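Please read them beside the sequence and the model.

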Amino acid sequence: MPINASGLYYAAEQKHALARTNEEKLKALQEMLKEAPKHKGSEGLLSEIKSKISKIKKLMEKERTSKKGGFTLSIKREGAAQVVLVGTTNTGKSTFLNQMTNTKIAVAEYPFTTKKPEIGTFDYKGVKIQMIEVPAITKNFEKTEMGPTFLSIIKHADLIVLFFNSPEEKKMLDKELYEINLPFLIFNNQKNIGDIIWEKLDIIKVYTKQPGKKPDYPPMAMDKNSTVRDVAERIHKDFLAKIGRHGSGGTWARIFGNSAKFKGQKVGMDHSLADDDIVELHLDKRTSNQRKN
Ligand SMILES: Nc1nc2c(ncn2[C@@H]2O[C@H](COP(=O)(O)OP(=O)(O)OP(=O)(O)O)[C@@H](O)[C@H]2O)c(=O)[nH]1
Ligand SMILES: [Mg+2]
């Protein structure tokens with residue numbers, strides 16, 4: 001109990017006790033702070049109120065960001081997918097990022113070398129994949145200053161590559177990343193890690209091709225389960241306007257590659273594609289002329 005507190009202070013305290021929402025609680029606490037006596041004997045009370053204010057502000061901030069996903073540092077997505085390198089300190093995340101991408105960021109023996117997210121581009125057979133090193137995860141990560149921001153970056157990615165030096169560290173990571181529900185793979189210095197990353201992503205590469213010519217490079221990255229129609233849509237903005245979203249309008253394709261029963265199989269617009277398919281689109285000239293008339 002504060003010594004010599006005023007009636008105004010007790011009124012504010014009462015408001016706090018009755019407050020329902022965080023906003024009301026914060027307002028009452030700020031009033032309590034204003035009205036509380038300020039002398040040696042009330043230092044404990046003042047610091048208690050301040051600590052309650054800071055807690056409620058943090059809680060309100062957390063609710064705000066989690067609802068709208070708004071007030072967090074976000075990284076502009078580039079390329080066909082976003083892969084985050086996540087783990088404990090000194091596990092070779094930066095070394096890996098430098099190996100796989102165009103970055104030349106600092107690698108050092110001391111811990112916590114990487115202080116902010118570092119971004120590189122991983123070129124997988126012509127498909128650009130954004131790769132981000134997130135600064136090392138520590139215990140009670142969400143309570144650290146940048147923790148919520150970095151966790152939000154992880155949440156928005158497509159795949160986690162997980163780095164740790166011991167089973168204890170793995171356990172800690174599992175705990176800290178508990179709320180994150182994303183596909184992941186464990187970094188293990190595999191030689192074919194690029195292929196493993198690719199296989200974990202829900203995308204395929206598709207090469208377009210003109211009749212009588214070699215396939216175009218680079219390939220296009222498409223969602224798994226994409227069809228010939230999706231390819232057509234991607235390469236010709238006005239293509240679907242011509243043929244109609246569900247029509248075929250004399251359009252067909254030849255497929256060379258994994259989804260074809262035989263080389264050059266003739267398929268319709270709803271044919272589902274597979275990784276590394278080569279698609280040769282044909283728009284029947286007569287049909288396209290008819291549409292123009
Ligand atoms: N455990 C482990 N250490 C590695 C590996 N590759 C490099 N290191 C060494 O680990 C130390 C840190 O390497 P970094 O690549 O900076 O590690 P980091 O995970 O980015 O570390 P911080 O950013 O400091 O958290 C260096 O001394 C590297 O030589 C690896 O594959 N595994
Ligand atoms: Mg690093």
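This is a predicted model: local features need pLDDT of at least 70, side-chain atom pairs count only at pLDDT 80 or more; totals for chains, interfaces and linings use all residues.

1. Residues are numbered from 1 along each chain as its sequence is written, chains are lettered from A and ligands numbered from 1 in the order in which they are written, and side-chain values use heavy atoms, leaving out hydrogens and water.

2. The protein chain has 10 helices and 10 strands (DSSP runs, H or I of at least four residues for helices and E of at least two for strands, numbered from the N terminus). Of its 293 residues, 43% are buried (under 20% relative accessible area; exposed is over 50%, partly exposed in between, with a 1.4 Å probe and protein chains only).

3. There are 14 salt bridges, each a side-chain nitrogen of Lys or Arg within 4 Å of a carboxyl oxygen of Asp or Glu. In one of them, Lys15 meets Glu31 at 2.9 Å, N to O. Lys15 lies in helix H1 and Glu31 in helix H2, so the pair ties together parts 16 residues apart in sequence. Lys15 is partly exposed at 46% relative accessible area, and Glu31 is partly exposed at 26%.

4. Asp202 and Lys224 form another salt bridge, at 3.8 Å from N to O. Asp202 lies in the loop between helix H7 and strand S6, and Lys224 in the loop between strand S7 and helix H8, so this pair links parts 22 residues apart in sequence. Asp202 is exposed at 57%.

5. Lys205, Asp275 and Asp276 are linked in a network of salt bridges.
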